[in-house]
Amino acid sequence: MRRALWLGLLALAIAGASDLRAEPGPSRVVTDTASMEPVFLWTRDRCAEDDIPDAPLRAVRIDSHFVTAFATHEQNRRFVGNDLRTLHRDCRVVFSGRHSEKPEDYSDRIWISSTWSDDGRTIFALGHNEYQAERHLDRCRFQTYFACWWNAIVPLRSDDGGLTFSRIGERPVATIPIRQDVDQGHARGFFEPTNIVRRGYAFFVLIRATREGPQEAGTCLFRTDDLARPDSWRFFDGEGFSANVDPYRDEVRDAKPCAPLKGLRGSVGSVAYAPALGVYFAISAFGSKTSSVSGFYYSVSSDLIHWSEGRRFLALPTPWSGACGEDRFVYPSLVDPNSSSRNFDVIGDEPSLFFVRQHFDGCQGTMQRDLIRMRLRLTPG
């Protein structure tokens, strides 16, 4: 990479640490899209037609000379390399859902979406499970993807450093307290978890929720003290942390909704802690067909609950915007190749931004998706 994307966030981070409800302070942003560097080109590197980067990048340092990473479709393949700068595609499928016709199995089509390892061998993961009811006989009276989309988050585990994964138990980590039904007609559930971060002795992840009954749409905070126990996950309900309710196994009458966090815009791709600044950075993609606000955003927080208002740092067309015929960009993830963390959730002042570029043929999205990286620098505004 010859040139960097300069991102002036220090003033914002310092201001945000003292008053996270205030508007962001001044920051300086200088961009150079020519510095984009491909990690995976679909036309060159794919293992199959549907081998695409379809989630934000997650990475684990297995040992001092080997990194495994995921930014995958539902036939989950990994990237491997000596470090994040030398990643290449491994064509072996390390995990896939069973395409079960039973929604209560939580095993239709599953994307590895979050990873965590303490030792480089045992890797815990969260999977984004889509029950695509239109693919199953008599499970949805509609024929469109989103009208039949019923999503949940499931726990996974690898005991061989990411070569293979399997489900942990039968319970989900996150699901709405409503069973899938043939008359659904709109997207339902929890989806697209961020990476996992550790704060003290607990683990945290942000997960998006759709609007359903008392549940408001937005991004919610989940936590656990034990990644090996799916039933230990709790969500922030606005006052404390409450247990998730499985509509196929639990009484749902007193189920609470999670509380969407204010300040976070769009689809949050990753969370990273900057120890020099004492704050977490959340990176998201946001777009609108009716305004010129599309691009990648950041928010900061000192406690993972209270976030500064999202602020755009890179203007790009996203899947929710963009004119016909132009590429669109999604799934941003902030990862530091020199991170002190095995799980790359701690960043210094020169992290990298990984994201996906989708090519369009006219107004129609194609399978041609590329994984791109771009170096950032955090500087005073």
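Predicted model: local features only at pLDDT ≥ 70, side-chain atom pairs only at ≥ 80, totals over all residues.
The link between Cys47 and Cys91 is left-handed, with -80° about the S-S bond, and it connects distant parts of the chain, as Cys47 is placed in the loop between α2 (42-45) and β4 (58-63), whereas Cys91 belongs to strand β7 (residues 88-95), 44 residues apart.

In total, four disulfides are counted in the model, and when the bonded cysteines of the protein are numbered in sequence order, the pairing reads 1-2, 3-4, 5-6, 7-8. One of these bonds is formed by Cys220 and Cys258, whose sulfur atoms are 2.1 Å apart. This pair, too, links distant parts of the chain, with Cys220 in strand β15 (residues 218-224) and Cys258 in the loop between β17 (241-243) and β18 (267-274), 38 residues apart. The torsion about the S-S bond of Cys220 and Cys258 is about 65°, so this disulfide is right-handed, and both cysteines are buried.

A further disulfide is formed by Cys324 and Cys363, with sulfur atoms 1.7 Å apart. Because Cys324 lies in the loop between β21 (311-315) and β22 (328-335) and Cys363 in the loop between β23 (352-361) and β24 (364-378), the pair ties together parts that are 39 residues apart in sequence. The disulfide of Cys324 and Cys363 is right-handed, because the torsion about its S-S bond is about 100°. Cys324, at 47% relative accessibility, counts as partly exposed, whereas Cys363, at 52%, counts as exposed, because the limit for an exposed residue is over 50%.

Strand β7, which holds Cys91, also takes part in an open sheet of four strands, arranged in the order β4-β5-β6-β7 with antiparallel pairing. The edge strands of this sheet are β4 and β7, each of which pairs on one side only, and neighbouring strands are turned by 30° against each other on average, direction ignored. Within the sheet, strand β5 (residues 66-70) and strand β6 (residues 76-81) run antiparallel and are joined by three bridges; Thr68 has Val80 in β6 as its bridge partner.

The largest pocket of the model has a volume of about 1,100 Å³. Its lining comprises 37 residues, of which Asp54, Tyr145, Phe146, Tyr331 and Arg369 lie nearest the centre of the pocket. Two or more lining residues are contributed by each of β8 (109-117), β9 (123-132), β22, β23 and β24, and β24 gives the most, with five residues. By class, the lining of the largest pocket has 16 nonpolar, ten polar and eleven charged residues.

The second largest pocket has a volume of about 190 Å³. Of the 17 residues that line this pocket, Ile176, Pro177, Ala255, Lys256 and Pro257 are the closest to its centre, and the lining is made up of twelve nonpolar, three polar and two charged residues.

How values were computed. Residues numbered from 1 in each chain as written. Heavy atoms only, no water. Disulfide = S-S within 2.5 Å. Buried < 20%, exposed > 50% of the residue type's maximum accessible area, 1.4 Å probe, protein only. Pairing = 2+ DSSP bridges. Axes fitted to C-alpha atoms, helices over the stretch in contact; angles between N-to-C directions. 1 Å grid on protein atoms, 1.4 Å probe; cavity = no way out; pocket = protein on both sides within 12 Å on 5 of 7 lines; lining within 4 Å. Points joined across faces, edges and corners; volume = space filled by probe spheres on them. Nonpolar A, V, L, I, M, F, W, Y, C, P; charged D, E, K, R; others polar.
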